[in-house]
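My notes follow the order in which I looked.

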Amino acid sequence: MGCRISSVVPVSKWTEEKVPSPTLKVAPQYIIEAPRPKTTPAAIHISTSKPKPPENTVHQPVKEANPYYRQRTGSVATIIMENRPPSGVSHTTFGSHVYKHRNSGRPFTIDTTRARSNRAVVVMCAERIGIEEVSETREDKRPCDIYWHSVVYPDMNRVVSHPYSRVNKFPGMTELARKISLTHSIHSMQRLFPQEYEFYPKSWFLPAHLKEFEAFGSKQANQQRWYIVKPDEGAQGTGIYLVNHPSQLKDPLQRQLVQEYVADPLLMNDGLKFDFRVYGVIRSINPLSIYVAREGMARFCTEKYSRPNASNFENLYAHLTNYSLNKANDRYVHSTSLHDQIKGSKRLLSTVFHQLESRGLRTKKLWHDIKMILVKTVLAMLPEILLHYEHHFIDKPGPQCFQIIGFDVMIRENGEPILLEVNAAPSLTIDHQLITSADEALYEEAPLKVRSIVDEVIKVPLIRDTLLLVLNLMDQEYSSARESAIHSTTSSQLPDHTQDDLDTLRAKKKPHLSEIFPNRYGAHSFHLLFLDKAVYLFMQFVHLRASINISLGGLKQFVKKCNLTPVISSREIDLKAAEINFYLTGDQSKLAQGLPFHGFLKFLFYVSEKKFPKEPTLLAKMQKLNQFCDASLRHYGVRSARLRRAEVPTTDDDGPVELYMLPLRMRGKRRSRSSASTLPPKPRSDRNNNSNQNNNGLPRIEL
């Protein structure tokens, strides 16, 4: 059992051939944007010899690589720009620059001791921009600028203790991205903004919602609906199966998620089902900043898709796009070049966008909708991100946390994107194993891995720009790259029309990452930043040092301090808390551990409906309840500023604002947008979760 290797000639950089006619031919050339890590050996059973270019080819490579190989008329720039996806993907290479601290003049440092399988590619990207790799046990005991971890380690608050350090993980993010936790977050937002969160399939948590699922399944039995069952902690497609009736559940009491199966996916001409892995980066939460990578991945099934039925629903090679599953199929096609990835089982997002655009799909709108899904999903997860951060760094200044996140998105036949899952720790390796697990027993030694051109084109710029981003070097790097590119073309000996095209291309180089919140899509989604008010209320009544759950006593104190006793009695609080606990966990015995944030939020929904029954929507009721609780808590000495985020203008009153979600962790003084006109201009605050105060936690009302 094995996998097929495409034998098409590789292509990556573009060169212009001298011919008398205006038609330009493109000659394929091998590229490697960056030196391969030492742990990635040369390919086995694959010829790596470079194809000889035609004798009359001018050896002047264009810096920007095109993911498609198409011979057509026009200049080099025309060919590339016409094939670019609407997202503006740019596969660029830059010279190495050694960046140093402005004050000390020493190089930036990175600790990859805990990076595990990602260490090779992270070190390679760091070296390209002059970041020095150091060990966790360095002799001078100086803190590193960046710590790169493979998972969230329990002692992260000890290892990353300096407020000016950065670490690539948010505490608790692994749990928050799990299937059921993610669904809780999105369900809460669906109740407040039903039309904004239609991109997520209808879902049930088992065993808590077993009766609801059975009732729904019985009503829909005649419509032949199918459902996909996913273990909560499952990964890489393990434990997933399809059913069309609740009676087919293998273990109804297991903690799992059941979702409506997307039975109408958009298919390419090859009839294979596919989804997109889009990479987002949360740069920081103080201030809140979200980015998206311009290049992503398309993952294809290895057998043709047809709607599930009694005869094919067990064929996971046709229904699941997971790489770890499909690579075991002998029909999986590994790509050895940017040319043959056009028909590979793993393709560039930009390649598939171009293919979809040629079929008439509005890819610009699709890319806009996908980016909005990223923003809305992060905003739904944000309340618990804040809670975990405060809990983890309760008595410490805390570093700047950032994280690369993978979003799995599928497209329906009508072009509508659907969010499937969120991966808090997407693989960043840039090699793959040609020999499947079934063949490993035939070899005495572990099979060697080979370079994956698709992964390299996606992940090397992703990691590299993420490092630049968190060090605030992005603008400096790309401005210097443009200047050097323009300077290099002035001394070249290319035809005038080609020289103009190359100058245009190099002048338009863009970073691999672009900000989508708050600056880019803040106007479209700023109203969704609503649940932070509930978080600040929650923090007043929870012992964050010990837990991120609110106890039953804390819930009753909330009702008392917010003057809600006439609305709900103590006995009713007990009953409602038990009901919410079972809804979230399916286990009534866990109420002693308290309610998590989304349990508290469901309690707020219930109270708001009782307190303000005349308001037309749940959102309006919650707005009224927030105002009522804010006014009530002022009588207990809690300033309203402690119950809301801080908005700091960056330029003037009409300019963008920075949103500090944990205002007491800001450096220096803050000023709100409403008071900006009466205060003198102040310098822009840094992007670290720092504080020069001794007490960093939000004040809590004594119980």
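**Basis.** I am working from a predicted model, in which local features need pLDDT of at least 70 and side-chain atom pairs count only at pLDDT 80 or more, while totals for chains, interfaces and linings use all residues. Residues are numbered from 1 along each chain as its sequence is written, and side-chain values use heavy atoms, with hydrogens and water left out.

**Cores.** I took a nonpolar core to be a set of buried Ala, Val, Leu, Ile, Met, Phe, Trp, Tyr and Cys residues joined through side-chain atoms within 4.5 Å, where buried means under 20% relative accessible area, exposed over 50% and partly exposed in between (1.4 Å probe, protein chains only). The largest such core has 113 residues, and Phe-276, Ile-370 and Phe-558 touch the most other members. Its largest share, 16 residues, comes from helix H10 (residues 363–392); helices (H or I, at least four residues) and strands (E, at least two) are DSSP runs, numbered from the N terminus. I also found a second, separate core of 39 residues, which includes Tyr-291 and Val-454.

**Helix H6.** In H6 (residues 210–219) I listed Leu-210, Phe-213, Phe-216 and Gly-217 as the buried residues. They cover an arc of only 130 degrees around the axis (taken from the directions from the helix axis to the C-beta atoms), which puts them on the same side of H6. The face turned away from that buried side carries the exposed residues Lys-211 and Lys-219. With contact meaning heavy atoms within 4.5 Å, the buried residues of H6 pack against strands E6 (203–206), E7 (227–231) and E9 (256–260).

**H15 and H18.** For axes I used lines fitted to C-alpha atoms, for helices over the stretch in contact, with angles from 0 to 180 degrees between N-to-C directions. The axes of H15 (residues 532–540) and H18 (residues 597–611) come within 11 Å and cross at roughly 105 degrees. The two helices are therefore roughly perpendicular to each other (under 35 degrees counts as roughly parallel, over 145 as roughly antiparallel, 65 to 115 as roughly perpendicular and the rest as oblique). Ala-534, Val-535 and Phe-538 of H15 make the contact with Phe-597, Phe-600, Leu-601 and Leu-604 of H18.

**H9 and H10.** The axes of H9 (residues 349–358) and H10 come within 10 Å and cross at roughly 135 degrees, which makes H9 oblique to H10. Here Leu-349, Phe-353, Leu-356 and Glu-357 of H9 meet Thr-363, Leu-366, Trp-367 and Ile-370 of H10.
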